[in-house]
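Work through the exercises below with the sequence and the structure side by side. Try each task before you read its solution.

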Amino acid sequence: MEVIVREDERIDDLQRNGYQIIQKKGGFCFGMDAVLLSGFANVKEGENAIDLGTGTGIIPILLEAKNKGQKYVGLEIQEDMVEMACRSVVLNHLENKVSIIQGDIRGAGKQFGLATFDVVTSNPPYISDAHGLKNPDLPKAIARHEVLCKLEDVAREAAGLLKPGGHLFMVHRPQRLIEIITTLKQFNLEPKRMKMVHPFLNRDANMVLIEAVRGGKSMMKVEAPIIVYKAPGVYSEEIYEIYGY
């Protein structure tokens with residue numbers, strides 16, 4: 001089946017299993033945060049995973065490439081993004097493993113049913129709607145600002161979707177860490193694992209990766225940080241490994 005790629009789109013190589021992804025040339029494209037999350041998350045054999053706010057579908061596709069889970073679902077509210085992500089699924093012949101479905105994160109529990117997934121992943125909007133300038137490009141604004149979805153929505157719906165003992169994997173910003181932990185615990189999601197991401201060894205962290213367990217006991221492991229660049233323009237060995245170069 002031939003997959004349509006439009007004039008304003010491009011195909012990018014994901015460096016994993018020969019997989020590729022369709023993206024808008026001037027639109028919202030996946031970033032390093034999505035790739036790092038796909039490397040941080042773990043979907044065991046036979047497990048089902050859902051990515052909340054999947055955008056281009058990058059996280060379900062990369063998770064399928066890196067794990068032995070049974071089924072991967074991407075939930076996205078924007079119809080045009082859903083259509084494009086579905087074409088990427090077909091492009092990689094993953095129709096039996098990956099599904100992209102249109103829907104609102106805020107109603108995910110009702111849409112899919114409670115306690116139906118072993119793993120939830122999310123790369124949610126980082127910027128509180130009350131702070132920062134919104135991007136005039138709506139898809140980018142939705143991805144970066146809490147326009148249609150807030151941190152509380154992600155935590156609440158993840159808790160509902162997860163089976164008891166299920167795992168949430170999320171990437172966010174360190175400056176909201178206290179709020180993140182408080183919100184997760186509010187919905188019985190116990191933070192168990194955390195890893196900071198630093199652009200350089202001597203620079204402050206600009207991302208945080210968090211794993212939480214529904215109904216888990218209180219104890220969190222803070223892992224060694226990820227250093228993105230070992231020199232300007234030169235990725236660290238860990239980044240090359242995560243990307244699959």
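**Exercise 1.** Which residue just after α7 takes a positive phi?

*Solution.* Keep in mind that this is a predicted model. Go to the end of α7 and step just past it. There Asn188 has a positive phi of about 60°.

**Exercise 2.** Find the buried residues of α7 and explain how they are arranged around the helix axis.

*Solution.* 
- Step 1: Locate the helix. α7 spans residues 177-186.
- Step 2: Pick out the buried residues, using the cut-off of under 20% relative accessible area. They are Leu177, Ile180, Thr183 and Leu184.
- Step 3: Look down the axis. These residues cover an arc of only 130°, which puts them on the same side of α7.
- Step 4: Recall the geometry. An α-helix has 3.6 residues a turn, so residues three or four places apart point the same way.
- Step 5: Turn to the face away from the buried side. Ile178 and Gln186 sit there, and they are exposed.
- Step 6: Ask what covers the buried residues of α7. The cover includes the helix α6 (151-161) and the strands β7 (162-172), β8 (189-198) and β9 (207-214).

**Exercise 3.** Describe how α1 and α2 meet.

*Solution.* 
- Step 1: Find the two helices. α1 covers residues 32-40, and α2 covers residues 58-66.
- Step 2: Compare the axes. They come within 9 Å and cross at roughly 35°. The crossing is right-handed.
- Step 3: List the residues in contact. α1 contributes Ala34, Val35, Leu37, Ser38 and Gly39. From α2 come Ile58, Ile59, Leu62, Leu63 and Lys66.
- Step 4: Sort them by type. The contact has 7 nonpolar residues, 2 polar ones and 1 charged one.

**Exercise 4.** Is Gln23 buried or exposed, and which side chain makes a polar contact with its side chain?

*Solution.* 
- Step 1: Gln23 is in strand β2, residues 20-24.
- Step 2: Check the area. Gln23 has a relative accessible area of 2%, so it is buried.
- Step 3: Follow the side chain. It makes a polar contact with the side chain of Asp12, at 2.7 Å. A polar atom of the Gln23 side chain also lies 2.9 Å from the backbone nitrogen of Phe30.
- Step 4: Look at the surroundings. Leaving out residues up to four places away in sequence, Gln23 touches several residues, including Arg10, Cys29, Thr56 and Met84.

**Exercise 5.** How many helices and strands does the protein have, and what share of its residues is buried?

*Solution.* 
- Step 1: Count the elements. There are 8 helices and 13 strands.
- Step 2: Take the share. Of the 245 residues, 51% are buried.

Definitions and conventions: Residues are numbered from 1 along each chain as its sequence is written. This is a predicted model: local features need pLDDT of at least 70, side-chain atom pairs count only at pLDDT 80 or more; totals for chains, interfaces and linings use all residues. Side-chain values use heavy atoms; hydrogens and water are left out. Buried means under 20% relative accessible area, exposed over 50%, partly exposed in between (1.4 Å probe, protein chains only). Helices (H or I, at least four residues) and strands (E, at least two) are DSSP runs, numbered from the N terminus. The arc is that of the directions from the helix axis to the C-beta atoms. Contact means heavy atoms within 4.5 Å. Axes are lines fitted to C-alpha atoms, for helices over the stretch in contact, and angles run from 0 to 180 degrees between N-to-C directions. A crossing is left-handed if the near helix is turned anticlockwise from the far one by less than a right angle, and right-handed if clockwise. Ala, Val, Leu, Ile, Met, Phe, Trp, Tyr, Cys and Pro count as nonpolar, Asp, Glu, Lys and Arg as charged, and the others, Gly among them, as polar. A polar contact is a pair of N or O atoms within 3.5 Å; within protein, one must be able to donate a hydrogen and the other to accept it, and residues adjacent in sequence count only if both atoms are side-chain atoms.
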